[in-house]
Amino acid sequence: MSADAWSLLFESLLETLYMVAVSGLVSAALGIPLGVLLHVTRPRQILQRPLLNRALGTVVNAARSVPFIILMVAIIPLTRLIAGTSIGTTAAIVPLSLASIPFVARIAEGALNEVSSGLVEAAESMGATPLQIVTRVMLPEALPGLIHGMTLTLVTLVSYSAMAGAIGGGGLGDLGIRYGYQRFDPIIMIATVIVLIVVVQLIQSAGERLQARYEHK
Amino acid sequence: MIQFKSISKTFQGGSGPVHALDNISLHVPEGCIYGVIGSSGAGKSTLIRCANLLESPTSGEVLVAGQNLIELSPAELRSARREIGMIFQHFNLLSGRTVFQNIALPLELAGKSSSDIENAIAPLLELVGLVDKRDSYPAQLSGGQKQRVAIARALASQPKVLLCDEATSALDPQTTVSILNLLKDINKKLGLTILLITHEMDVVKSICDRVAILSQGRVIEENDVESFFVAPQTELAREFVRAAIHEKPASDISHQFRQGYVEGSRPVLRITFVGQNVVQPLITQAARLCQVDFNILQADIETVHSKTMGFLMVDVVGEEQGVQDAQAFLQKHDLQVEVVGYVS
């Protein structure tokens with residue numbers, strides 16, 4: 001592989017990491033609160049609002065049913081509004097975030113459902129406010145599950161970010177398609193795939209280690 | 001200290017409304033260890049959850065330390081709950097927090113400073129005997145140790161009342177004894193009022209001052225523990241007492257046993273007495289005076305509410321008149337005598 005090819009690969013790797021990191025952060029920042037809301041408004045939960053819960057659930061499901069490649073194209077006006085452009089790495093962050101927020105929300109909801117209702121009851125018996133129950137009991141106890149879910153999300157984002165490449169998003173996926181598929185350069189395509197495998201492995205093992213650190217079982 | 005005033009609780013079940021609690025009135029005096037016993041499904045859990053409104057009764061009033069919890073605003077209820085500690089069958093400790101951090105939780109929730117928390121927790125760790133487990137996580141503790149942490153946590157906010165929801169039901173018998181001793185100790189040292197629910201008569205026997213039996217959402221019997229053991233009024237109470245003193249059914253002891261009287265059969269008496277060395281002279285006196293013999297089928301000494309109680313099962317052999325006299329003699333001397341059946 002030429003020096004040019006190496007630097008291209010490195011640049012694309014940085015682009016991928018940038019897309020995954022920013023959309024990962026955005027999806028956690030918005031998806032986890034949404035997951036909390038989905039959880040606490042369930043029937044028999046601390047802030048039960050069955051109607052709101054059902055409405056939120058429907059919206060989340062709808063967002064999750066749109067195939068990513070269609071979502072990307074469909075929200076181009078929104079992407080332009082937020083990122084100022086619809087092409088490039090930064091622009092790709094908008095659909096990536098939007099697709100992963102409902103995903104994270106469902107994962108967070110699942111992790112919170114695993115927290116024993118006895119703990120919530122104990123906190124209530126101590127005079128905890130609903131906010132305290134969420135921040136001091138539910139989220140800390142669900143932390144290993146949340147870390148697990150975020151690991152899953154980041155891995156999914158790596159592969160989605162490759163799809164973003166298809167509409168000019170940059171990153172490793174873009175590189176692989178342009179050189180491997182369009183220019184018949186198998187070396188670069190294989191190199192891209194190897195780098196992707198390494199990235200996913202690193203995310204997975206970092207996630208597992210972090211999860212083990214907070215899991216006192 | 002805790003007063004339930006005709007509380008009822010109705011759940012909407014799949015097949016119509018379920019009356020979990022049916023017009024219950026109970027009074028738990030200050031400093032008392034009060035036990036509520038009942039089979040599963042009797043409404044015990046619902047009842048104890050009404051004492052801090054984890055469960056709101058459908059009707060009735062709940063007074064704790066003179067305050068009617070039903071009338072309080074959510075914020076007032078939260079501050080009232082800080083005065084009511086609670087421990088649970090499955091401990092409900094936070095797995096991600098150390099022993100120290102678990103005990104600190106109620107103080108953190110109340111907004112106490114970290115130095116205040118530090119000062120408050122040291123004596124609590126000492127009280128429950130877990131000084132060396134301070135930085136362990138719950139997963140590293142035994143069941144008994146977990147319950148000790150839960151007790152320390154419940155005491156952290158210096159409550160006036162402690163609610164124990166089947167606190168020893170998940171523990172082995174030995175650990176149960178040590179936890180009960182700890183509760184008794186706390187009750188004495190801190191003057192804490194304890195309301196506990198249990199299905200284990202042994203718990204009532206060893207630490208309670210008063211007891212109520214719950215059956216199908218109703219209190220069917222309520223008494224001080226001593227009288228309860230000596231003279232249970234209802235069939236369910238008698239069953240609980242028999243289980244607690246490990247009494248074998250009379251039919252197991254004698255194969256000639258029958259429920260009803262037939263010509264020539266002899267009564268089997270169940271004699272209950274409190275205090276030591278009371279019964280033996282009375283039995284021999286009865287034998288001498290009434291010219292009967294006592295055939296001892298089963299005898300047991302138990303400690304109930306830190307008093308010694310004896311339970312005797314005898315069949316009385318003699319002339320019919322003598323047997324009746326003997327029975328009357330024992331009753332006259334304040335022994336609890338009950339005919340449980342006959343042998344021939």
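The model is predicted, so to speak of local features a pLDDT of at least 70 is needed, side-chain atom pairs count only at pLDDT 80 or more, and totals for chains, interfaces and linings use all residues. Residues are numbered from 1 along each chain as its sequence is written, chains are lettered from A and ligands numbered from 1 in the order in which they are written, and side-chain values use heavy atoms, with hydrogens and water left out.

**Chain A as a whole**

- Chain A contains 9 helices and 0 strands, where helices (H or I, at least four residues) and strands (E, at least two) are DSSP runs numbered from the N terminus.
- The C-alpha trace of chain A spans about 65 × 40 × 25 Å along its principal axes.
- Chain A has 217 residues, and 47% of them count as buried (buried is under 20% relative accessible area, exposed over 50%, partly exposed in between, with a 1.4 Å probe and protein chains only).
- Taking contacts in chain A between residues at least 6 apart in sequence, 73% join residues at least 24 apart (a contact means heavy atoms within 4.5 Å).

**Helix 1 and helix 5 of chain A**

- The axes of helix 1 (residues 3–40) of chain A and helix 5 (residues 89–113) of chain A come within 6 Å and cross at roughly 40 degrees (axes are lines fitted to C-alpha atoms, for helices over the stretch in contact, and angles run from 0 to 180 degrees between N-to-C directions).
- These two helices of chain A are therefore oblique to each other (under 35 degrees is roughly parallel, over 145 roughly antiparallel, 65 to 115 roughly perpendicular, and the rest oblique).
- By class, the contact of helix 1 with helix 5 of chain A has 18 nonpolar, 10 polar and 3 charged residues (Ala, Val, Leu, Ile, Met, Phe, Trp, Tyr, Cys and Pro are nonpolar, Asp, Glu, Lys and Arg charged, and the others, Gly among them, polar).

**Helix 3 and helix 4 of chain B**

- Helix 3 (residues 99–109) and helix 4 (residues 114–128) of chain B pack at about 125 degrees, with their axes 10 Å apart.
- That angle makes helix 3 of chain B oblique to helix 4 of chain B.

**Two positive phi angles**

- A:R44, which is not a glycine, has a positive phi near 70 degrees, and A:R44 lies in the loop between helix 1 and helix 2 (50–65) of chain A.
- A:R44 is exposed, with a relative accessible area of 76%.
- B:N23, also not a glycine, has a positive phi of about 55 degrees and sits in strand 2 (residues 16–28) of chain B.
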